Amino acid sequence: MKLVRFGNPGQEKPGIVDGNGQIRDVSSILPDFSGESLTSESLARLKQVDPSSLPSAPAGQRLGPCVGNVRNFIAIGLNYADHAAETGAAIPAEPIVFNKAPSCIVGPNDDVIIPRGSQKTDWEVELAIVIGDRASYVGANEALDFVAGYCVCNDVSEREYQLERGGTWTKGKGCPTFGPIGPWLVTKDEIADVQNLSMWLDVNGERMQTGSTKTMIFNVAQIVSYVSHFMILEPGDVITTGTPPGVGMGMKPQRFLKAGDVVTLGIEGLGEQRQQVIAFEENPPDTSRAPRVHHG
């Protein structure tokens with residue numbers, strides 16, 4: 001199944017993509033795609049529903065983040081061997097774990113806002129894991145049993161905040177709009193081999209990143225298992241798993257995002273995103289719940 005959330009920010013409804021690519025409204029069955037509605041039991045019930053029996057979503061609806069009310073947004077750093085090489089970093093002996101603020105999550109086509117004073121806002125196409133069942137101290141051999149599915153994530157990063165301001169990476173990773181996820185949450189049964197998916201990212205139509213999940217240092221099962229030994233993973237938690245080479249920080253000279261740039265990205269089988277980059281506004285119109293949405 002391809003699960004989506006559609007509608008205005010903070011008012012999204014859950015939907016499912018039918019065989020013709022039409023979004024069907026499932027709000028009569030589930031209130032949202034979040035928390036307990038993403039457990040294996042809940043998704044098994046949803047799979048029994050004939051999408052054609054459900055009402056179509058209105059045309060032209062904004063796509064929201066494919067998971068609602070995310071409580072824990074976890075990220076893995078330097079998890080692609082070829083990306084570690086471009087940044088001159090050593091291959092980590094264990095996964096590098098940090099948090100992105102859940103408040104940074106936006107829809108796949110919402111605007112990305114450059115933070116106030118930022119000079120080094122960067123892009124990162126990533127595969128994200130969505131947890132389905134509560135996981136604690138699980139082994140790698142059983143870890144995929146706890147996964148609901150996968151989605152595309154742009155792990156937008158401010159490199160000065162991340163690397164030059166001391167402390168942890170978190171403060172360069174959780175700025176508003178720094179976590180576009182979607183367009184779909186694709187359930188794991190639709191992905192034949194999650195460790196062999198091509199991925200790409202363009203800035204203004206120029207290819208920046210080309211990679212594959214096959215160059216991950218720690219695979220999906222290892223990541224879920226590892227993280228579950230340090231925290232309880234709950235249904236609806238999101239883990240974004242690292243990026244292939246081609247980030248702006250790794251270029252010579254370095255290149256970063258500026259207002260007016262358009263970022264497009266995608267992963268095989270998981271869909272595509274498109275974000276317009278805009279400048280920070282000192283007194284924007286109510287952005288507390290509704291970042292500007294680009295409909296192009």
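Modeller: Let us begin with exposure: a residue is buried under 20% relative accessible area, exposed over 50%, and partly exposed in between. Please note that the model is a predicted one.

Colleague: Why is D189 called partly exposed?

Modeller: D189 has a relative accessible area of 47%.

Colleague: What makes K47 and D189 a salt bridge?

Modeller: The criterion is a side-chain nitrogen of Lys or Arg within 4 Å of a carboxyl oxygen of Asp or Glu. For K47 and D189 the N to O distance is 3.0 Å, so the pair qualifies. It links distant parts of the chain, 142 residues apart: K47 sits in helix α1, and D189 in the loop between β13 and β14.

Colleague: How do you know that K13 and D25 meet in a salt bridge?

Modeller: Their N to O distance is 3.9 Å, and the cut-off is 4 Å, so the pair is counted. K13 lies in strand β2 and D25 in strand β3, so the contact ties together parts 12 residues apart in sequence.

Colleague: Is D25 buried or exposed, and why?

Modeller: D25 is buried, because its relative accessible area of 11% is under 20%. K13, at 40%, is partly exposed.

Colleague: How many salt bridges does the rule give?

Modeller: The count comes to 19. Among them is D32 with R5, at 2.7 Å from N to O; D32 and R5 are both buried.

Terms used: Residues numbered from 1 in each chain as written. Predicted model: local features only at pLDDT ≥ 70, side-chain atom pairs only at ≥ 80, totals over all residues. Heavy atoms only, no water. Buried < 20%, exposed > 50% of the residue type's maximum accessible area, 1.4 Å probe, protein only. Helix = DSSP H or I, 4+ residues; strand = E, 2+ residues; numbered from the N terminus.
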